[in-house]
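Please keep the sequence and the structure in view while reading.

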Amino acid sequence: MAYKLADELLKEILSPPLLVPDDMFAHRGAVSPFSRVERSAADVLLVCKRWMRVGTPALYHTVVLRSMAQAKALASALRRCPDFGTYIRRLRVEGSYGEYIWQAVKTAPHITELCLSLTVYSDANVGGMVKSLDNLNPVHVTLTLSPEKRLHNKNQDSLVSALCRNIRGWPRLHSFSFSSSEVHIGERVPDYGTHPQLLDALCDSPSVEAVHANIFYTSRQFLCPQIVKLLQSRANLLFTLHSKYSSYSSIFDEVRRAVPKALHSRIVYLLKSKAETPRRKTLSSKATTQIEADFLPNPFFKPFDRMDTETRRKILLSIANNAFRRDKILKTRPFSMRPSCMSWYDTRYFDGEVASVWLQTSTEWASIAHSVLAEHIYFDSIDITELPKFIEVAEAANILRATRSIQFSDIPPSTQSKILSLTGDALVKATITASRLVYDSLKSSGCFGTVRSLELDSFHGHDVPDFVYLHGFSSLEELSLSISCYKKRFGAPKKVKIQVPRLRSITITHCPSPWLDSFAQVHSLPAWTTLDAMDHDNLKLLLQKRGGTVKSARIKMRSEYWEMMPELQTLEVHDEHFHPEYVPNSFSTQPSHDKLQTLKLHITSQRKRMRSARNRERCQQLLISCITHEKFPSLHTVQFVTKDEIWPTTEREIKKSMWPKLSEELDAQGITLLDHSGRAWRSRLQ
């Protein structure tokens with residue numbers, strides 16, 4: 001059907017995947033966002049010749065050069081078809097690429113936006129870039145990719161001098177943006193501190209109207225002397241200081257105090273942060289008094305007072321459901337948001353600040369809040385004083401019959417038993433103490449057939465936890481063990497066989513070996529497929545007895561475990577002293593595995609010993625020799641889980657890094673190497 005569309009319609013369809021977003025093109029950080037791109041925008045042009053013809057102008061609209069090979073390819077394409085250069089409107093150059101950049105720029109007279117890096121090393125050729133700056137006439141100029149350490153060489157001085165000269169001569173230059181990263185020179189210094197001549201050049205610019213820079217702790221010593229001169233040089237110039245942290249506002253105040261009051265309106269401070277929010281402006285006492293007078297509370301006001309009680313309760317219940325619940329369930333409980341009143345509800349699921357307001361508004365609203373918040377309950381030792389009051393409310397209103405998840409942390413088993421006796425068959429997730437008293441209460445409440453996730457821990461007042469049989473948990477799918485035991489003696493359970501038909505996942509954080517061995521002897525686990533025991537050592541008996549069905553495991557590096565899991569498909573291994581140089585020694589002792597498909601390793605690439613070329617090459621050769629199809633015929637993915645960036649982001653880093661070559665060697669065997677985010681290596685720079 002595409003052949004029936006007019007060229008104008010086809011151009012609108014093809015433009016979105018081909019055009020580069022503004023925030024990516026003008027990114028001013030220390031790491032290029034294009035280093036993480038996993039697809040090529042030009043792929044859509046390979047469909048047919050018509051798509052190639054219509055989409056080519058959009059493809060050349062924004063040009064990003066990140067390597068010498070890319071610059072050479074662009075120069076070659078523009079040499080064959082010079083008309084393509086007229087399509088270029090935005091140019092991003094992340095290095096100095098000799099005469100190739102000049103050959104491309106001289107055919108592109110319509111470039112209005114330029115983004116370049118001043119990171120130039122002594123072996124670079126900046127002649128082409130200097131001639132390109134003399135030939136350009138941009139409207140917007142952005143600096144990006146500041147180096148980690150200060151560079152001082154003739155090539156960089158030549159490039160900065162050429163940029164300063166052209167800033168004074170470009171008649172259309174409207175805005176100039178400094179890089180948002182810092183250079184380490186004993187202290188962290190922004191690029192307007194390492195190249196102060198750029199600020200002098202902006203003072204002499206005939207047309208610049210906007211300057212953007214990021215503010216840092218060292219900004220005061222570099223901006224204060226120059227900012228007054230810069231603002232006085234042009235009457236309509238606006239200086240914008242960006243920041244990621246609200247704590248930098250004091251530095252902005254110091255910079256602002258160095259400027260005459262008549263120029264304050266031309267300095268703007270923008271705070272952009274996901275983790276923090278700007279401080280709210282406080283009202284004056286006079287304004288606050290006026291607001292309080294206009295909005296006095298009415299103690300007799302009752303929402304929906306003309307409705308009947310049942311209808312009003314349904315409406316308020318719907319409002320509470322939407323007001324309390326978080327958009328995303330948190331992994332940990334935010335203790336900083338604990339309300340001042342009863343905090344028996346789980347603030348991972350509910351907004352504690354909103355809930356506390358409802359609980360203190362009125363008796364009716366508190367009753368509605370109880371019915372909603374009782375769905376997810378969390379008690380720890382901090383809440384121990386609220387337990388009697390909570391139990392009284394729960395018994396009177398019978399609110400625990402609808403509880404879906406309940407968690408106890410350092411709560412006495414007797415108290416847990418009393419609360420669990422009030423729950424009903426809606427309970428699907430529970431964290432309880434490994435105690436027969438708690439276990440019997442859970443059984444009497446009728447939850448055995450509904451609980452799907454169970455976590456067993458130990459109360460700090462009990463040295464030896466009771467052994468808990470999982471008989472009756474017909475719906476149990478996930479089991480987590482976090483049991484501590486300090487006594488050497490442990491009574492083994494009776495020799496019985498109990499089947500847990502649906503249990504598929506076991507997580508072991510802490511568990512005494514006798515307890516775990518008894519668990520393996522007593523329970524039959526026909527559906528068990530997932531094991532997470534990264535911090536536990538003694539798994540031998542458990543895997544010998546029940547490891548035949550395990551398909552996914554997170555364990556420490558132990559050679560005897562491999563043979564006990566013949567159906568294993570995904571393995572994540574970890575050790576406290578895991579290091580790339582030790583990986584081959586560990587793998588050389590491992591038996592082959594026919595069904596292993598995915599291997600995840602905790603490896604750091606930031607250790608000092610990995611910085612030497614000899615150690616990198618040795619580690620690379622040993623890894624290639626150990627991870628082979630002879631040992632793992634079904635292996636297709638190796639992933640480094642540790643959050644270290646293994647893929648190089650610049651052409652210079654590629655020459656020093658061992659990971660691209662290792663990826664290519666594994667790829668030749670049909671094995672894909674991934675980093676912690678799941679990205680594979682793409683050799684787009686070559």
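Predicted model: local features only at pLDDT ≥ 70, side-chain atom pairs only at ≥ 80, totals over all residues.

## S179, in a loop

S179 is found in the loop that runs between β5 (175-177) and β6 (182-185). Its relative accessibility is 1%, and S179 therefore counts as buried, since buried means under 20% relative accessible area.

The side chain of S179 has two polar partners to examine here. One is the backbone oxygen of R28, reached at 3.0 Å. Another is the side chain of S146, which is joined to that of S179 by a polar contact of 3.2 Å. When neighbours within four places in sequence are left aside, the residues in contact with S179 are R28, L143, T144, L145, S146 and D191.

I319 belongs to helix α13, which spans residues 309-324. Because its relative accessibility is 38%, I319 counts as partly exposed.

On the surface, I319 forms a nonpolar patch with F304 and M307. Together, these residues have about 230 Å² of accessible area.

## I506, in a strand

I506 is located in strand β17, made up of residues 505-510. Is I506 buried or partly exposed? At 1% relative accessibility, I506 counts as buried.

I506 and E478 are 28 residues apart in sequence, while their C-alpha atoms are 6.1 Å apart in space. Leaving aside neighbours within four places in sequence, I506 is in contact with several residues, among them L479, F519, L525 and W528. T530, L531 and D532 are also in contact with I506.

Notes. Residues numbered from 1 in each chain as written. Heavy atoms only, no water. Helix = DSSP H or I, 4+ residues; strand = E, 2+ residues; numbered from the N terminus. Buried < 20%, exposed > 50% of the residue type's maximum accessible area, 1.4 Å probe, protein only. Polar contact = N/O pair within 3.5 Å; in protein donor to acceptor, adjacent residues only side chain to side chain. Contact = heavy atoms within 4.5 Å. Patch = residues over 30% accessible without salt bridge, like charges linked within 9 Å, V, L, I, M, F, W, Y side chains within 5 Å. Areas by Shrake-Rupley, 256 points an atom, 1.4 Å probe, with all protein chains shown as cover. Salt bridge = Lys/Arg side-chain N within 4 Å of Asp/Glu carboxyl O.
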